[in-house]
Amino acid sequence: QVQLVESGGGLVQPGGSLRLSCAASGSIFGIYAMAWYRQAPGKQRELVASITDEGVTNYADSVKVRFTISRDNNKNAAFLQMNSLNPEDAAVYYCNADVRTGRFLRRRSTYWGQGTQVTVSS
């Protein structure tokens, strides 16, 4: 089994910054990709940013330039640096990981964290 735990959410003023962290643990043979999603009340969950095991990144248009995703392969961790936050960024942010869970390549599953709340308000 694999667990993902997010941290770093909280209350920030418009224009402020937050850094989210995601730590993966359990039966991990490798992580192909990690990503951050977010979901605001009454809205669908959306992809914010993703990063592959080779460091290739992808961002939603709404967060490009302002957000930066990174990862530490040695620690099975991912991070999301969020700058210039605005009220539209307020949501529960979820970590997602595409994990190789066994010796055989077919042992591969996707896992989700429990989410961390980001509130942007003056």
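This is a predicted model: local features need pLDDT of at least 70, side-chain atom pairs count only at pLDDT 80 or more; totals for chains, interfaces and linings use all residues.
Start at a turn. In the hairpin of S4 and S5, Gly-42 takes a positive phi near 75°. Six residues lie between the two strands of this hairpin.

Take the hairpin's own pairing next. S4 covers residues 30-39, and strand S5 covers residues 46-52. The two run antiparallel and are joined by six bridges. One place to look is Trp-36, which stands opposite Ala-49 in S5.

S4 has another partner. Strand S9, residues 91-100, pairs with S4 in the antiparallel sense. Nine bridges join S4 and S9. Here Tyr-37 stands opposite Tyr-94 in S9.

Stay on S4 and move to Arg-38, which sits in this strand. Is Arg-38 buried or exposed? Its relative accessibility is 6%. Buried means under 20%, so Arg-38 counts as buried.

Which side chains does Arg-38 meet through polar contacts? One is Glu-46, at 2.7 Å. Another is Asp-89, at 3.0 Å. Arg-38 also touches residues from several parts of the chain, leaving out those up to four places away in sequence. Among them are Gln-44, Arg-45 and Val-48. Ser-62, Val-63 and Phe-67 are also on the list.

Now turn to an open sheet of four strands. Its order is S1-S3-S8-S7, and the pairing is antiparallel. Which strands form the edges? They are strand S1 (2-7) and strand S7 (67-72), each of which pairs on one side only. On average, neighbouring strands of this sheet are turned by 15° against each other, direction ignored.

S7 pairs with strand S8, residues 77-82. Six bridges hold this antiparallel pair. Within it, Ile-69 has Leu-80 in S8 as its bridge partner.

Leu-4 is found in strand S1. Its relative accessible area is 5%, so Leu-4 is buried. What lies around Leu-4? Setting aside neighbours within four places in sequence, its contacts include Cys-22, Ala-23 and Ala-24. Cys-95, Asn-96 and Ala-97 are in contact with Leu-4 too.

Leu-4 and Ala-23 are 19 residues apart in sequence. In space, their C-alpha atoms are 5.6 Å apart.

Key. Residues are numbered from 1 along each chain as its sequence is written. Side-chain values use heavy atoms; hydrogens and water are left out. Buried means under 20% relative accessible area, exposed over 50%, partly exposed in between (1.4 Å probe, protein chains only). A polar contact is a pair of N or O atoms within 3.5 Å; within protein, one must be able to donate a hydrogen and the other to accept it, and residues adjacent in sequence count only if both atoms are side-chain atoms. Contact means heavy atoms within 4.5 Å. Two strands pair if DSSP finds at least two bridges between them. Axes are lines fitted to C-alpha atoms, for helices over the stretch in contact, and angles run from 0 to 180 degrees between N-to-C directions.
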